[in-house]
Amino acid sequence: MNGLLWLKAAHVLSAAIIFGTGLGIAFFTWFGYRSAMRGGTLEALRSTLRLTVVADACLTAPAVVFQAVSGVVLMNAYGWPLLSAWSVAVWSLFLMAGACWLPVLVIQARLARVSRETASTAALPPGFHRMFRWWFALGVIAFACVIAIYWLMIARPLTVIQLSGF
């Protein structure tokens with residue numbers, strides 16, 4: 001297998017890591033939060049939020065950086081212009097996902113900190129629950145962008161020819 005195929009495989013794998021960790025983090029954090037609120041198990045919520053931060057730092061963040069770098073390298077290798085309709089759509093969605101994901105990182109770190117500093121689920125401040133709703137809403141938008149990027153990568157419904165006027 002040549003270097004370009006290895007890079008393409010690694011690019012696809014990093015996309016799968018982003019998709020999988022995003023879905024896994026959302027699933028376990030959402031249900032960990034709901035379970036903690038229903039059962040009053042703050043320790044389980046603390047653990048879930050701590051591992052959410054760790055998973056994003058160790059898995060998602062490196063995969064996101066690799067996606068951007070490998071995407072540019074692959075586009076150049078295939079001779080695809082960076083300003084084609086397809087590329088602009090992909091990069092716009094990538095940036096939109098990032099614009100949602102970066103605040104999510106900050107929010108989940110704050111949620112983890114507040115949960116560590118609170119004595120019980122009943123004592124969690126209203127701001128905690130508001131932050132959690134923002135975490136969820138921004139995560140949904142970011143995840144929708146990732147799904148749209150997958151669709152653009154597979155279907156390539158837009159031309160990969162240079163846009164005029166750029």
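Author: Let's start with Ile17, which sits in helix 1 (residues 3-39); helices here are DSSP runs of H or I, at least four residues long, numbered from the N terminus. A word on the ground rules: this is a predicted model, with residues numbered from 1 along each chain as its sequence is written. Local features need pLDDT of at least 70 and side-chain atom pairs count only at pLDDT 80 or more, while totals for chains, interfaces and linings use all residues, and side-chain values use heavy atoms, with hydrogens and water left out.

Back to Ile17: its relative accessible area is 32%, so it is partly exposed (buried is under 20%, exposed is over 50%, partly exposed is in between, with a 1.4 Å probe and protein chains only).

Leu4 and Leu74 are 70 residues apart in sequence, yet their C-alpha atoms are 7.6 Å apart in space.

Of its 44 lining residues, Ile18, Gln67, Val146, Ile149 and Tyr150 are the closest to the centre. Helix 1, helix 2 (42-78), helix 3 (85-117) and helix 4 each give at least two residues to that lining. A pocket, on a 1 Å grid over the protein atoms alone, is an open set of points where a 1.4 Å probe fits, with protein on both sides within 12 Å along at least five of seven lines; lining residues have an atom within 4 Å of a point.

What about the cysteines? There are 0 disulfides, a disulfide being two cysteine sulfur atoms within 2.5 Å. The sulfur of Cys100 has its closest cysteine sulfur in Cys145, but that is 6.0 Å away, too far for a bond. Cys100 is buried at 7% relative accessibility, and Cys145 is buried at 6%.

Salt bridges come to 2, counting a side-chain nitrogen of Lys or Arg within 4 Å of a carboxyl oxygen of Asp or Glu. In helix 2, Glu43 and Arg46 lie 3 residues apart, about one turn, and their closest N and O atoms are 3.2 Å apart. Glu43 is exposed at 53%. The other pair is Arg113 and Glu117, at 3.7 Å; these two are 4 residues apart in helix 3, again about one helical turn. Arg113 is partly exposed at 36%, whereas Glu117 is exposed at 60%.

One last stop: Arg156, in the segment after helix 4 (126-155), has a positive phi of about 40° although it is not a glycine. Arg156 is partly exposed, at 41%.
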